[in-house]
Amino acid sequence: MRLVFLGAPGSGKGTQAALLVKRFDLGYVSTGDVFRQAVLDQTALGLQAKGYLDAGLLVPDEIVLGMIDQVLDGLLNKKGFILDGFPRTIPQAEKLEAILAAKHKPLDAVVSLEVAEESLVQRMLSRKRFDDTEETIRIRLATFHQQTEPLKAYYQKKGLLRQVDASKPVQEVFGSLVAILAQTASL
Ligand code: AMP
């Protein structure tokens, strides 16, 4: 089971991915976690990325594409994995496709967690992350709509998109997710 989790910031990607990872023993990478850790560790990548995280903007593709092979390395040897927060742009999706095609390990599904806009803001304000201020939350939502949402149509065309109503309580969303994935690939 090789999955991409697509969803606005605050849609519960991290929470649902963690539940799936535990249930099905999958590998997991969140590029947001990778960037936040790099910022905290003040690595070269962190120094390059910090301004974008603080501003609520996407780290430029050039930087993301330069580090993604290393980030995915190891993950591809697992029996399955979830990518959370990557890809976020069409060029990133194309790069991912090329990497996975070279390993003969194409994606099984791209899960889009759907939550109404007002709930997203409330959820993000309640989680106290250093890049979650009211200003950056607004910018990150706009960035999502402009740069990441077009990926839904991109993956829809490839027959990979699975949309899940993620406005419900955590366990209920998890239940629908498992049901949808069960129809998609062997779990
Ligand atoms: P997230 O935890 O997925 O919401 O990501 C937090 C921040 O990390 C984002 O607001 C971006 O600045 C950066 N980021 C994470 N993943 C990516 C990506 N695939 N492309 C560009 N920027 C990213």
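Reader: Is Arg-138 buried, partly exposed or exposed?
Author: Arg-138 is exposed in this predicted model. Its relative accessible area is 54%. That puts Arg-138 in the exposed class because the cut-off is over 50%.

Reader: Which residue does Arg-138 form a salt bridge with?
Author: Glu-135. The closest N and O atoms of the two are 2.9 Å apart.

Reader: How many salt bridges does the count come to?
Author: The count comes to 9. One of them pairs Asp-33 with Arg-36, with closest N and O atoms 2.9 Å apart.

Reader: Which helix holds Asp-33 and Arg-36?
Author: Helix H2, residues 31-41. Asp-33 and Arg-36 are 3 residues apart there, about one turn of the helix.

Reader: And is Arg-36 buried or exposed?
Author: Buried, because its relative accessibility is 13% and the limit is under 20%. Asp-33 is partly exposed, at 39%.

Reader: What about Lys-95, which side chain does it meet in a salt bridge?
Author: The side chain of Asp-69, at 3.2 Å, N to O. This pair links distant parts of the chain. Lys-95 is in helix H5 (residues 90-102), Asp-69 in helix H4 (residues 61-72), and they are 26 residues apart. Lys-95 is partly exposed at 24%. Asp-69 is partly exposed too, at 42%.

Reader: New topic. How many residues are in the largest nonpolar core?
Author: It has 32 residues. Phe-35, Leu-83, Leu-96, Leu-107, Val-110 and Tyr-155 touch the most other members.

Reader: Which parts of the chain each supply at least two residues of this core?
Author: Among them are strand S1 (2-7), helix H3 (44-55), strand S3 (81-84) and helix H8 (150-157). H4 gives the most, with 6 residues.

Reader: Which residues does the second core include?
Author: Phe-24, Leu-26, Ile-82 and Ile-137 are among its 26 residues. That core is separate.

Terms used. Residues numbered from 1 in each chain as written. Predicted model: local features only at pLDDT ≥ 70, side-chain atom pairs only at ≥ 80, totals over all residues. Heavy atoms only, no water. Salt bridge = Lys/Arg side-chain N within 4 Å of Asp/Glu carboxyl O. Helix = DSSP H or I, 4+ residues; strand = E, 2+ residues; numbered from the N terminus. Buried < 20%, exposed > 50% of the residue type's maximum accessible area, 1.4 Å probe, protein only. Core = buried A, V, L, I, M, F, W, Y, C linked by side-chain atoms within 4.5 Å.
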